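Here are some notes for a colleague who is opening this structure without having seen it before. Please read them with the sequence and the model side by side.

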Amino acid sequence: MTFIEIARNPLSTITLTFVVFWLTTALQRRTRLAILNPLVLTIAFLITFLKLTGISFEQYYEGGRMIEFWLKPAIVALALPLYNELKHIKSQFMSLFLTELAGCAVGVISVVLIASWLGASPEVIRSLAPKSVSTPIAIEITRQLGGIPALTSAIVVLVGMIGAMAGVKTMEWGRIKSPVSKSLSMGTAAHVMGTNRMSEYGDRYGAYATLGLILNGILTAFLAGPIVNLIL
Amino acid sequence: MAKQFGIIFGCLFLGELLALVPGMTIPGSIWGMLILTFLLNRGVVRAATIKPVCKFLTDNMAFFFIPPGVALMLYFDLIGKELIPIMVATVVSIIIVLLVTGHLHQYLHSRSKHHNQHK
């Protein structure tokens, strides 16, 4: 067996994925730099590795599909944090729901309108629609809309990085003072990565951001299809 | 362990069945999440029962997402061609979402607090 034959075996690609993610996670823990996102670094490393060795994506995906399989049950498992948060915020539910509804609608409408004004192709526009939602949810929505899931995942990671790096500053500049409102917005606009950023301020903020993330995910799943079909 | 996975996959299975309804734009996994939330809320499933597996799955979401991220290598040409609409639409939209969500929640939240004080 040649090196390439061993390297493209599903066992090898899965092992490589584990090891690279482990090392990049350790790197971020050491440096504490938001820009060294383990997910981004792992994807970049794996793409470079496949390009250099000439292993095709399809060959990588023989092992990769076994990892990706777990995305769907992971989304279902978000029911637990959602349930835990709902118990605490029953009295504020209406204001949270209205806020999320508005946040979700302006997010989908603005990105779809701007992209179509600037001449993006329908496929790309469909992939952009769920951009603020956590990746696993977003790629499921894109699949259902007929976009390109991989493009969505790239945009979602980009959105998360911009949100984590500039979101708090943007809101200070926009005179949003309430820390709870800031947290909710970060979860709504920048999903898991925005949530991570707010968790640095304390558990309560992380919880609000998680709520923004999950509620926006559900609402986007319901609204993105009708909005995209209406505009395009 | 089997019980926890049975509950989670059972909800996912029901969700996927719902997603098969023609014209449905909501993914099966979202339906599954809603079904499980409903079951927790009604007390049919206890939170403590499914906690270990749920925590494992949600803590490791980023990892499960690596393969669809690597699929990006198939679309470099398309992204290169439409880089400007993609970047501009994305950045402007994030700013809009942050400001609209933040201001609306701040307004509704302060109003409801005010209201409660005067009750």
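This is a predicted model: local features need pLDDT of at least 70, side-chain atom pairs count only at pLDDT 80 or more; totals for chains, interfaces and linings use all residues.

1. Chain B is divided by its domain assignment into domain 1, covering residues 1–64, and domain 2, covering residues 66–119. Taken over C-alpha atoms, the centres of domain 1 of chain B and domain 2 of chain B are separated by 26 Å.

2. In the interface between the two chains, 71 residues of chain B are in contact with 92 residues of chain A. Chain B and chain A bury about 7,300 Å² between them, and 83% of this area lies on carbon and sulfur atoms.

3. Between chain B and chain A the count is 1 salt bridge, in which the side chains of B:E16 and A:K72 meet at 2.9 Å, N to O. Across the interface of chain B and chain A, 11 residue pairs are found in polar contact, with both residues at pLDDT 80 or more.

4. Which elements give two or more residues to the side of chain B that touches chain A? They are α1 (2–19), α2 (28–41), α3 (47–59), α4 (61–64), α5 (66–70), α6 (76–81) and α7 (83–117) of chain B. The largest share of that side, 25 residues, comes from α7(B).

5. Sorted by class, the side of chain B that touches chain A has 53 nonpolar residues, alongside 15 polar and 3 charged residues.

Technical notes. Residues are numbered from 1 along each chain as its sequence is written. Chains are lettered from A and ligands numbered from 1 in the order in which they are written. Side-chain values use heavy atoms; hydrogens and water are left out. Domain bounds come from an automatic or database domain assignment. Contact means heavy atoms within 4.5 Å. Buried area is the accessible area (1.4 Å probe) that two parts lose on being put together, summed over both. A salt bridge is a side-chain nitrogen of Lys or Arg within 4 Å of a carboxyl oxygen of Asp or Glu. A polar contact is a pair of N or O atoms within 3.5 Å; within protein, one must be able to donate a hydrogen and the other to accept it, and residues adjacent in sequence count only if both atoms are side-chain atoms. Helices (H or I, at least four residues) and strands (E, at least two) are DSSP runs, numbered from the N terminus. Ala, Val, Leu, Ile, Met, Phe, Trp, Tyr, Cys and Pro count as nonpolar, Asp, Glu, Lys and Arg as charged, and the others, Gly among them, as polar.
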